[in-house]
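Me: I would like to go through the terms used for this model one at a time, asking on what grounds each of them is applied. Please set each value against its definition before concluding.

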Amino acid sequence: MREIEYRDALNEAFDEELERDSSVVLMGEEVAQYNGAYKVTKGLWEKWGDKRVVDTPISEAGFIGMGIGASMLGVRPVMELMFWSFHSVAFDQLVNNAACVRYMSGGLINCPIVMRGPANGGTNVGATHSHCPEGLFAAFPGLKVVVPATPADAKGLMKSAIRDNDPVYVMENTLLYGNKGHVPDPSEGDFTIPLGKADIKREGSDISLIVHGRSVLHALEAAETLQKEHGISAEVLDLRSIRPLDQEAIIKSVMKTNRAVLVDESKPFNGVSSQIATLIQEHAFDYLDAPVKRVCTIDAPAIYSPHIENEQLPNPRRVVEKVLEIA
């Protein structure tokens, strides 16, 4: 194990998969000579060249469509969106084409693409650059959606995503790229994390905090406060994968603690937490000692002001307050 940044963990995943499989290609705006807008692809163009690390025009509809077509012919494109908020200009390609081709071809044509990039608020770049669309894409059968919170999860999930024969949409977070965490050294062997497997980041007995993405860090901080100041033992369950969803882990945690707070950076209406709340209601209702509560981004377009946006998003204080309502 060594401690590396989230962006470097992703970089290692790309480098190892480029080495392992000659059909893997990185594509996106400024991913080559410029090393990526967030320096996630640093050094890969120099090592692998123009055929494997490809700069594209500023046209998401164009290069995503090209990548999807190439994937149907045996290429494995890993395509970067500078912001996931730009997905809307390529929505037809991402949903009608990538999600449906395997089903509509009777399994004869696969679409092994990875779409990746930051999907988050909190960087004060305005409403058009701050969407969290993981729940949106998880609503379409045929798509897989993962949201890694730590460097280790970022690397392990990315490697699994690249090897998967279905479209996998990886939602990263700009504010996590510089975070450090322990990741197995490549000399220790091939490190992957299966899609659809949640992870208990902190064991607890009194309440389940069910989270994904950067909200994992908020939940862990809130859990510390709850333990020290209120004597409440909070379990933090990191979903890691939105679809496939680890329903068994969610239900098992709620049956253990009998209470749940769902923390979700997407908006509350039709958000990921809405689906999880329904799942708990259907499969663990008799185990609940209190209503399921949610901490989501306040339901308005992303606010440009830094101080107000920080309060609009989930944060540790809001999580603690919500837990105390039912603890």
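Me: Why is N270 called exposed?

Reply: Exposed means over 50% relative accessible area, buried means under 20%, and partly exposed is what lies in between (1.4 Å probe, protein chains only). N270 has a relative accessibility of 63%, so N270 counts as exposed. This residue is found in the loop between β13 (260–264) and α10 (272–284), where helices (H or I, at least four residues) and strands (E, at least two) are DSSP runs numbered from the N terminus. The model is a predicted one, in which local features need pLDDT of at least 70 and side-chain atom pairs count only at pLDDT 80 or more, while totals for chains, interfaces and linings use all residues. Residues are numbered from 1 along each chain as its sequence is written, and side-chain values use heavy atoms, with hydrogens and water left out.

Me: What makes the phi of N270 worth a remark?

Reply: Most residues other than glycine have a negative phi. N270 is not a glycine, yet its phi is positive, at about 60°. N258 is also not a glycine and has a positive phi, of about 70°; N258 lies in the loop between α9 and β13.

Me: Why is N173 called buried, and what does N173 touch?

Reply: The relative accessibility of N173 is 4%, and with the limit for buried set at under 20%, N173 therefore counts as buried. N173 is found in the loop between β7 (168–172) and β8 (180–183). Contact means heavy atoms within 4.5 Å, and, leaving aside residues up to four places away in sequence, N173 touches Y6, P118, N120, R214 and E265. N173 and V147 are 26 residues apart in sequence, with 8.6 Å between their C-alpha atoms.

Me: What is said of the peptide bond that joins R243 and P244?

Reply: Most peptide bonds are trans. The bond between R243 and P244 is cis, with an omega of about 5°.

Me: What makes a group of residues a nonpolar core, and which residues have the most contacts inside the largest one?

Reply: A nonpolar core is a set of buried Ala, Val, Leu, Ile, Met, Phe, Trp, Tyr and Cys residues joined through side-chain atoms within 4.5 Å. The largest such core has 42 residues, and those with the most contacts inside it are W84, M115, F137, Y169, I210 and I280. Among the elements that each supply at least two residues are β2 (24–28), α3 (60–71), β7 and α9, and the largest share, five residues, comes from α10. A second, separate core of 35 residues includes A9, L157, V168 and V183.

Me: Which residues of α9 are buried, and what covers them?

Reply: A249, I250, I251, S253, V254 and T257 are buried in α9, and their cover includes β10 (207–211) as well as β11 (234–238), β13 and α10. In α12 (residues 316–326) the buried residues are P316, R318, V319, V320, V323 and I326, and what covers them includes α8 (215–230), β14 (293–296) and α11 (306–312).
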